[in-house]
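Here is a friendly walk through the model, one region at a time. Keep the viewer open and follow along.

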Amino acid sequence: MRPYIICHMMASLDGRIDCEMTEQIDDTNLYYEALAQLGCPSTLEGKTTLAMHYAQTGEFRQQRPHEDAGQQLYKAVEAASYAIGVDTRGTLLWDDNTTEIFGRPLLMILSEQASQEYLDYLKSKHISYITTGCNGIDLPSAMETLRAVFSIERLAVVGGGNINGSMLDLGLIDEVSMMYGYGIDGRGGMAAAFDGRPMDRKPVRLTFKSVEEQDGIVWMRYQVVNS
């Protein structure tokens, strides 16, 4: 058992999701209002988004020889919802009060190749963590732990493109919620809402759920057809 997972994104008409760009073309308050309507109090973001908007500048530097953490679980606090982040090797730096930054306790998902020293660092910051997967993060296992241990029944994946693409590729996205602002990005190399899937993959089929317009922003919802 895992949570019901909705990918909720704001994009330009050409599907690009750079936050600084989307803030220039639409009212981001509508994005958060729509997120509240989805009924997903816990959210998940990838490392790039976390580094850009929430983590401290720089990377964690080990002071002792690397020791793989292996499979571990640490629950710093019991909460009704969590801000969940992905950091495969464990390099992001955090302020002492991440709950104040996110409005909810922070919970990090890492691979078993993260260092024990980094996990000790997270624990010193009162940050919960899950380590799973020997060759990169085992996302299906992590999602099951979110449900079983942290009681997360509904989860919104809110970027970026690579974590969205990875979870879609693994069949972990149940629903796609896309909000299109009234603008076009068009710059080369900018991330799309879903990015980084292997070239041999087939398109993912969707089933239409709903569409509505809010002050020029189009909000579309689709069910993912996971075969």
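## Helix 5 and its packing

The buried residues of helix 5 pack against strand 3 (72–74), strand 5 (106–110) and strand 6 (128–131). Helices here are DSSP runs of H or I with at least four residues, strands are runs of E with at least two, and both are numbered from the N terminus. Helix 5 itself covers residues 116–124, and its buried members are Gln116, Glu117, Tyr118, Leu119, Tyr121 and Leu122. Buried stands for under 20% relative accessible area, exposed for over 50%, and partly exposed for anything in between (1.4 Å probe, protein chains only). Just after the helix, His126 has a positive phi of about 60°.

A word on the model: it is predicted, so local features need pLDDT of at least 70 and side-chain atom pairs count only at pLDDT 80 or more, while totals for chains, interfaces and linings use all residues. Residues are numbered from 1 along each chain as its sequence is written, and side-chain values use heavy atoms, with hydrogens and water left out.

## Helix 2, one face in and one face out

Helix 2 spans residues 28–37, with Leu30, Tyr31, Ala34 and Leu35 buried. Looking down the axis of helix 2, these buried residues fall within an arc of 145°, so they line one face of the helix; the arc is taken from the directions from the helix axis to the C-beta atoms. Tyr32 and Ala36, on the other side of helix 2, are exposed.

What do the buried residues of helix 2 pack against? Their partners are strand 1 (4–11), strand 2 (42–45), strand 7 (154–157), strand 8 (175–180), strand 9 (206–214) and strand 10 (217–224). Following helix 2 comes Gly39, with a positive phi near 70°.

Strand 4 pairs in the parallel sense with strand 2 over three bridges; two strands count as paired if DSSP finds at least two bridges between them. Leu44 has Ile84 in strand 4 as its bridge partner. Strand 4 also runs parallel to strand 5, joined by four bridges, and here Gly85 is partnered by Met108 in strand 5.

## Strands 8, 9 and 10

Strand 10 pairs in the antiparallel sense with strand 8 over six bridges, where Ser177 stands opposite Arg221. Strand 10 also pairs with strand 9, again antiparallel, over eight bridges, and Glu212 has Trp219 as its bridge partner. The hairpin of strand 9 and strand 10 has two residues between the strands, and Asp215 there takes a positive phi near 50°.

Val218 belongs to strand 10 and counts as partly exposed, at 30% relative accessibility. Together with Phe208 and Val211, Val218 makes a nonpolar surface patch of about 250 Å².

Asn164 lies in helix 7 and is buried, with a relative accessible area of 0%. Neighbours within four places in sequence aside, Asn164 is in contact (heavy atoms within 4.5 Å) with Cys7, Met9, Val157, Gly159, Ile173, Ala193 and Phe194.

Gly165 is also found in helix 7 (residues 161–169), and its 2% relative accessibility makes it buried.

## Salt bridges

How many salt bridges does a search of the whole structure find? There are 13, each a side-chain nitrogen of Lys or Arg within 4 Å of a carboxyl oxygen of Asp or Glu. One of them joins Asp174 and Arg2, with the closest N and O atoms 2.8 Å apart. Asp174 sits in the loop between helix 7 and strand 8 and Arg2 in the segment before strand 1, so this pair ties together parts 172 residues apart in sequence. Asp174 is buried at 13% relative accessibility, whereas Arg2 is partly exposed at 23%.

Asp169 forms a salt bridge with Arg197, the closest N and O atoms being 3.1 Å apart. That pair links helix 7, which holds Asp169, to the loop between strand 8 and strand 9, which holds Arg197. Asp169 also forms a salt bridge with Arg201, at 2.9 Å between the closest N and O atoms. Through shared partners, salt bridges join Asp169, Arg197, Asp200 and Arg201 into one network.

Notes:
Patch = residues over 30% accessible without salt bridge, like charges linked within 9 Å, V, L, I, M, F, W, Y side chains within 5 Å. Areas by Shrake-Rupley, 256 points an atom, 1.4 Å probe, with all protein chains shown as cover.
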